[in-house]
Amino acid sequence: MLSGKNVVMGVTGGIAVYKAVDVVSRLRKLNANVNIIMTKSATEFVTPLTFQSISQNPVTVNIFKEPTHWEIEHISLAKKADIFLVVPATANIIGKVANGIADDMLSTTIMATKAKVIFAPAMNTNMYNNLIFKENSNKLKKYGYEFIKPGSGRLACGDFGEGKMAEPCDIVDYLVNSLTNSQLKGKKIIVTAGPTIEPLDPVRYMTNHSSGKMGYAIANEAQRRGAEVILVSGPVNLEPPIGTKLIKVNTTQEMLSSIEKHFAECHVLIKAAAPLDYRPVTVSEHKIKKSKDEIEFKFTRNPDIAAHFGKLKRNQIIVGFAAETENLIENAKKKIDKKNLDFIVANNVLTENSGFKSDSNIVTIIDKDGTVKDYPLMKKEKVAKAIIDKISAILNC
Ligand code: PMT
């Protein structure tokens with residue numbers, strides 16, 4: 001699968017180095033050519049010989065060593081890389097790269113490469129949450145460096161929390177996607193997902209049953225095909241797909257203003273979220289006390305986000321969803337015009353195994369020219385594929 005691809009892999013000093021050996025082994029099984037650069041600290045955990053044996057290539061550690069051939073080694077590896085991985089990536093290497101420090105073979109080669117650089121961080125939770133580390137990684141993300149989010153769990157030091165390096169299979173999946181799937185490369189896609197919530201008082205809020213599964217599946221599929229994905233999500237219990245930019249929101253108005261910041265430069269907006277149409281006119285400053293048997297609230301209309309951007313759109317594609325309990329097609333068709341959508345994905349949210357919360361959905365896709373296509377019961381991942389296929393076709397990708 002990766003024949004002819006050159007992966008340059010930096011290995012820095014942390015206990016997760018042993019997992020990096022597995023990453024190399026998996027890459028070799030996919031026929032990638034892997035060249036490894038180890039920092040001095042990494043060699044304290046696992047010897048270069050181990051990586052040399054698994055990769056079947058010489059391992060570079062010392063920048064001042066006699067080059068193995070006439071080219072200057074850090075420049076030749078920097079040029080050779082189709083993709084650059086750093087596994088595990090310590091706070092130290094991330095801090096160095098973020099601040100332009102090139103004082104060893106690895107940091108120098110990263111600085112010299114034009115290939116995409118992907119870090120798989122691994123460190124203690126307190127280090128991972130340290131604001132200096134956060135600032136360094138945010139700076140690198142801004143410049144296009146990518147990060148494979150570490151997981152949470154028991155760390156080698158005995159602490160519990162974030163900082164556990166992503167599993168080798170996930171790192172390799174991420175890399176394979178980056179190298180092989182570029183159908184939507186250069187396209188920026190905003191996906192909205194989940195419910196919104198509208199507070200009534202400091203302890204209570206209104207919301208709906210959206211779990212975010214549909215929107216997250218779409219974000220994942222778009223990201224897998226190489227798009228730059230911004231996922232604007234209401235409160236849900238899901239991990240964002242690796243590589244997407246997650247913007248968390250609560251209210252419908254917050255969802256609108258988050259999209260507003262990115263809409264002008266996006267190519268596609270997919271409105272899979274279920275934003276609340278109304279919000280309370282006033283939000284009580286204090287907890288509303290039990291007193292009368294009945295209580296009344298006055299609500300005011302929230303902005304219709306899809307319709308708002310439907311008015312602003314130039315060349316963008318806007319895809320809406322219609323969550324209906326009756327007259328599915330008729331109601332969905334009305335929404336295409338009202339919101340100036342390119343197509344709408346209609347789902348009956350009363351049907352079993354469909355709509356809110358379930359892992360599957362039964363949808364009908366309706367084009368703005370009125371063409372209707374029914375789909376059978378499918379996993380939300382498959383519905384997401386159908387939606388992204390349709391978008392790719394419209395974009396001629
Ligand atoms: O999140 P899951 O549990 O996986 O469930 C998936 C889903 C049922 C939420 C999803 O498939 C879906 O149907 N999302 C749209 C829900 C909805 O708000 O439908 P609607 O018919 O009320 O709105 C029509 C369109 O306008 C939608 O694209 C919606 O995002 C958008 N809208 C709605 C209200 C509002 N104030 N602003 C909007 O932009």
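A salt bridge is counted where a side-chain nitrogen of Lys or Arg lies within 4 Å of a carboxyl oxygen of Asp or Glu. The structure holds 20 salt bridges by this rule. The model is predicted.

**Overall build**

- The C-alpha trace of the protein spans about 80 × 50 × 35 Å along its principal axes.
- The secondary structure consists of 14 helices and 22 strands.
- Of the 397 residues, 50% count as buried.
- Among contacts with a separation of 6 or more, 67% come from residues 24 or more positions apart.

**Domains and their interface**

- The domain assignment gives domain 1 (6-180) and domain 2 (188-394), and the C-alpha centres of these two domains lie 37 Å apart.
- Five residues of domain 1 are in contact with five residues of domain 2.
- The area buried between domain 1 and domain 2 is about 420 Å², and carbon and sulfur atoms give 62% of that area.
- On the side of domain 1, Lys 149, Tyr 174 and Asn 177 lose the most area to domain 2, together 81% of what that side buries.
- Across this interface the rule finds zero salt bridges, and zero residue pairs in polar contact are found with both residues at pLDDT 80 or more.
- The residues of domain 1 that touch domain 2 divide into three nonpolar, one polar and one charged.

**Salt bridges**

- Side chains of opposite charge can pair when their charged atoms come close.
- Asp 22 forms a salt bridge with Arg 26, with the closest N and O atoms 3.3 Å apart.
- Asp 22 and Arg 26 are separated by about one helical turn because they stand four residues apart in helix H1 (residues 17-29).
- Asp 22 is partly exposed at a relative accessible area of 30%, and Arg 26 is also partly exposed, at 32%.
- Glu 221 pairs with Arg 225 in a salt bridge whose closest N and O atoms are 2.8 Å apart, and both residues are buried.
- Glu 221 and Arg 225 belong to a network of salt bridges that also links Arg 224, Lys 385 and Asp 389.
- Lys 368 and Asp 342 meet through their side chains in a salt bridge (3.4 Å, N to O).
- This pair links distant parts of the chain, 26 residues apart: Lys 368 is in the loop between strand S20 (363-367) and strand S21 (372-374), and Asp 342 is in the loop between helix H13 (328-339) and S18.
- Lys 368 counts as exposed at 56% relative accessibility, whereas Asp 342 is buried at 13%.

**Ala 346**

- Ala 346 is found in strand S18 (residues 343-348) and is buried, with a relative accessible area of 0%.
- Ala 346 and Val 363 are 17 residues apart in sequence but 5.5 Å apart in space, C-alpha to C-alpha.
- Beyond its neighbours within four places in sequence, Ala 346 is in contact with Ala 322, Leu 328, Ala 332, Ile 362, Val 363 and Thr 364.

**Ser 55**

- Ser 55 is found in helix H3 (residues 48-55), where its relative accessible area of 2% makes this residue buried.
- The side chain of Ser 55 reaches the backbone oxygen of Phe 51 at 2.8 Å, and a polar atom of that side chain lies 3.2 Å from the backbone nitrogen of Asn 57.
- Not counting residues up to four places away in sequence, Ser 55 touches Val 24, Arg 28, Val 34 and Ile 36.

Methods:
Residues are numbered from 1 along each chain as its sequence is written. This is a predicted model: local features need pLDDT of at least 70, side-chain atom pairs count only at pLDDT 80 or more; totals for chains, interfaces and linings use all residues. Side-chain values use heavy atoms; hydrogens and water are left out. Domain bounds come from an automatic or database domain assignment. Contact means heavy atoms within 4.5 Å. Buried area is the accessible area (1.4 Å probe) that two parts lose on being put together, summed over both. A polar contact is a pair of N or O atoms within 3.5 Å; within protein, one must be able to donate a hydrogen and the other to accept it, and residues adjacent in sequence count only if both atoms are side-chain atoms. Ala, Val, Leu, Ile, Met, Phe, Trp, Tyr, Cys and Pro count as nonpolar, Asp, Glu, Lys and Arg as charged, and the others, Gly among them, as polar. Helices (H or I, at least four residues) and strands (E, at least two) are DSSP runs, numbered from the N terminus. Buried means under 20% relative accessible area, exposed over 50%, partly exposed in between (1.4 Å probe, protein chains only).
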